[in-house]
Amino acid sequence: MLLLAGLWGAAWVLRAPGEGIAESFVRQLAFFSGAGLPPPSAGGVTLPEGVTLGGPYSLTDQTGRAVTEATYAGGLSLMYFGFTYCPDVCPTELGIIGQVMEELGPDASRVTPILVTIDPERDTPEVLAAYVVNFHPKMVGLTGTAAQIADVARKFRVYYQRVRNAENSDYLMDHSSFIYLVGSDGRVRGLFRPGSAPEAIAEAVRGALRAG
């Protein structure tokens with residue numbers, strides 16, 4: 001987690017003019033790994049050669065059921081890491097995922113949209129159940145213990161940190177904001193920047209479905 005925080009700090013300081021923090025982070029990650037960054041395609045970011053994201057995880061869904069990456073085997077997942085108290089970025093990105101599901105039409109039956117909370121203290125299964133239905137009927141909300149969330153965040157290289165809210169005594173969560181296209185093995189097949197067009201993401205999802 002300290003390494004990730006350092007990379008996000010470097011991404012902020014060393015980003016090029018006009019470059020978003022998310023793009024700068026991936027570039028710093030590529031540099032750290034010693035790999036070059038290929039051009040993005042279909043609105044996404046191509047991971048540098050040798051860099052892998054994702055993996056097995058054990059969490060709890062919005063119904064209280066224990067789940068793993070195997071629960072969603074047989075299809076793909078569109079996964080986002082955020083929290084229900086997020087004022088703007090999370091609803092925007094989850095709304096994009098909902099639009100992608102509509103854009104996919106019949107292919108949406110082979111895709112599971114997932115929100116993984118980075119705020120398990122407040123985002124209980126009950127809270128997630130009431131939240132995710134606002135974005136798509138199929139959307140799943142996943143939570144867990146602080147250790148479980150830290151583990152899955154590490155595997156997906158998600159940055160998150162609690163920050164104080166200057167307006168009141170509550171707190172917010174600072175976090176990275178990619179949408180992940182995940183295979184049935186829990187490994188990332190595609191990575192999409194914040195604000196990516198739903199049509200571009202849907203195109204990439206269809207390509208991954210065709211490729212098996």
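**Exercise 1. Which residues does D107 touch, not counting residues up to four places away in sequence?**

Solution. The model is predicted.
Step 1: D107 sits in the loop between α3 and β5.
Step 2: list its contacts. With residues up to four places away in sequence left out, D107 touches R206 and L209.
Step 3: check the separation along the chain. L209 is 102 residues away from D107 along the chain, and their C-alpha atoms are 8.3 Å apart.
Step 4: D107 has 26% relative accessibility, so it counts as partly exposed.

**Exercise 2. Find the buried residues of helix α4 and state how they are arranged around its axis.**

Solution. 
Step 1: take the helix, residues 125-132, and pick out its buried positions: P125, L128, Y131 and V132.
Step 2: look down the axis of α4. The buried residues fall within an arc of 125°, so they line one face of the helix.
Step 3: turn to the face directed away from the buried side. Exposed residues E126 and A130 are carried there.
Step 4: identify the cover. Among the elements that cover the buried residues of α4 are β2 (58-61), α3 (89-104), β5 (111-117) and β6 (140-143).

**Exercise 3. Decide whether C86 and C90 are buried or exposed, and describe the surroundings of C90.**

Solution. 
Step 1: apply the cut-off for buried, which is under 20% relative accessible area. C86 has 8% relative accessibility and therefore counts as buried. C90 has 0%, so it also counts as buried.
Step 2: count disulfides. A disulfide needs a pair of cysteine sulfur atoms within 2.5 Å, and the count by this rule is zero.
Step 3: list its contacts. Apart from neighbours within four places in sequence, C90 is in contact with Y80, G82, F83, Y131 and H175. One of these, Y131, is a buried residue of α4.
Step 4: C90 and P194 are 104 residues apart along the chain, with 9.7 Å between their C-alpha atoms.

**Exercise 4. Which side chain of opposite charge is nearest to E93, and how far away is it?**

Solution. 
Step 1: locate E93 in helix α3.
Step 2: find the partner. The nearest side chain of opposite charge is that of R193, 11 Å away.
Step 3: compare with the salt-bridge limit of 4 Å between nitrogen and carboxyl oxygen. E93 has no salt bridge, yet is buried.
Step 4: list what E93 touches beyond four places in sequence: Y80, S177, I179, R193, P194 and G195. R193 is thus in the contact list of E93, but without a salt bridge to E93.

Terms used: Residues numbered from 1 in each chain as written. Predicted model: local features only at pLDDT ≥ 70, side-chain atom pairs only at ≥ 80, totals over all residues. Heavy atoms only, no water. Buried < 20%, exposed > 50% of the residue type's maximum accessible area, 1.4 Å probe, protein only. Helix = DSSP H or I, 4+ residues; strand = E, 2+ residues; numbered from the N terminus. Arc of directions from axis to C-beta. Contact = heavy atoms within 4.5 Å. Lys, Arg positive; Asp, Glu negative; His and termini not counted.
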